[in-house]
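I opened the structure to look up its charged pairs and one of its sheets. My entries follow.

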Amino acid sequence: MATSTVDSWSACNDLSTLFVRNLPRHVTTQKLEEVFSAVGSLRKCFVVTEKGDKTVSKGYAYVTFLSKTDAQNAIDNVKSIDGAPINLKFATSKKVDGETNNIREKYPKRGKNARLIIRNLSFKATEVDIKKMFSKYGKITEVSIPKKKDGKMYGFCFVQFFEMSSANTALAEMNSKKILGRPVAVDWALPKDKFLTLTNKLAKPKEDENTELKRKTLFIRNLTFDTTKEDLAAAFKEFGKIHYAVICMDPDTEHSKGTAFVKFDAQKNAEACLQKANDESEDGGIVLDGKKVTVCLAMSREEIIQKRDDAHKKEAKDSRNLYLAREGLIRPGTAAAEGVSAADMNKRGKLETWKGQMLKNLNIFIANNRLCVRNLPLTMTDDSLRAIYEKAAGADAQIREARVIRNRAQIGTKSLGESKGYGFVTFATHEQALKALRHTNNNPNIFSKNQRPIVEFSLEKKGAINAKLKRLEQSRKKLNTPRDPAAPKNVKHSKKIKNTAVNQNVIKEEIYMGAKGRPGSKRILPARRGKVKLGKVKNMGKAKNTRKEKNTVKKSKKLK
């Protein structure tokens, strides 16, 4: 209401505010704005409503224009609204008990009331920039930009004008305008003494009063942002005498947080209020401004700090590295998705769905140093894949594995097997893998603009990893077994040792490759119709034929 009064006073002095009488009761502020904006530039207009019910009009309103010419034009041209005749005249001061109730007495022309707060301010803005934008509306006595302890800005500032009319004009003209490319919100600033009064009421009480204060003081949540302390006090006064009722205000925006404190003079009154608020029956609870509020005993500052510290200590540890599931995610409609082909976006969507289903299994985790690279060209080789990621991760990076996954059915033929379009790259550290992922994922310069790498951290199964580690440990024990001194030193034996050493190097890489075969084993192509199934060879010798393979051989002989 203070803002409306100030606007009316300023406009009256410029003869640009009209008093509208005989207004139909159904006319709203929005309708009023539609009618009068057609005849001139509006600064503000509002319908005066009943104090207890904001939806009920009193039958009159105020309309403020930016100039006296527009106001006179409205008087000459607007004669009715919705067919009902209205009466327009310039607004003047009122007389109460024979004396002029001049609005200047409440809002003097000069002083702290001509103070504006500018929110959503650019962090690059300086006092010079602010003065340059606002000085054209009148004399400025002060520009204050609050800053944090580290010197960074909060994102708002205060502008003190010398005259109230200058501040009022600046508010109307600069609200929603851009300063350094950022639209700002301009409003009247809350006086400092009022802010300090509210702050002091919420100050920390003495130690010996903490227990008594907790029993008498209640904390209220779920308040509407329009609820005032008068409304709050009136709603809780039915339970007993109230010592104070305070709305919690944001120190930066100076708006309500939707919470409040109410302190009763007696503990029994506070308990009665709690009992009513916790009543879950149909008629139970406390409703304020159309919303059911939540009431509980207030906590001391020490308890709040302790509770906050305990919450940080109880944070669950991410032993499965689930936070890495979002690394490299490309959302449709974002800047990263620009230029990505529809086929690639479709692949990414399916992969995210598949990943979500797989991670429901608690035995599956995300490896923090192993990357899965998809959407590879079919001509990609292991060496070329390694070269790409050596360049991406830097010269100091150590790549333990770079492998393109190929069709098993073709392994053992003249070719290496057709590529399946994806592969794995394992690094020595997580930092190296993360750097390589962020450099190559969705990079149009790696393959082509229409076929970009889809890179993510690899999903691994705990059981499979543990089994590989166990097999590796067994193989190491066998390889590290000392040779019998009585054994003959022939050429065949030395060659066998040499081959074993090569297999040992392969075993070290197999751990990171995620292969299903046992280290040191070879695969063969069994004689079988249909899909070829890979078998295992024991002791580097000839594989034994299975029952199905023997039957296949017999049938082939009969056909011959």
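I looked up E401 and R370: their side chains meet in a salt bridge, N to O 3.2 Å (a side-chain nitrogen of Lys or Arg within 4 Å of a carboxyl oxygen of Asp or Glu). E401 lies in strand β22 (residues 399-406) and R370 in strand β21 (residues 364-374), so the pair ties together parts 31 residues apart in sequence. Strands here are DSSP E runs of at least two residues and helices H or I runs of at least four, numbered from the N terminus.

The model is predicted, so I note that local features need pLDDT of at least 70 and side-chain atom pairs 80 or more, while totals for chains, interfaces and linings use all residues. Residues are numbered from 1 along each chain as its sequence is written, and side-chain values use heavy atoms, without hydrogens and water.

I checked burial next: E401 and R370 are both buried (under 20% relative accessible area, exposed being over 50% and partly exposed in between, with a 1.4 Å probe and protein chains only). E401 has 0% relative accessibility.

R370 also forms a salt bridge with E460, the closest N and O atoms being 2.6 Å apart. E460 is in strand β24 (residues 454-461), 90 residues from R370. R403 and E401 meet in a salt bridge too, at 3.6 Å. My search of the whole structure gave 9 salt bridges.

I then turned to an open sheet of 4 strands, ordered β10-β11-β9-β14 with antiparallel pairing; strands pair if DSSP finds at least two bridges between them. Strand β9 (residues 115-119) is joined to β11 (residues 157-161) by 4 bridges, and I117 stands opposite F158 in β11.
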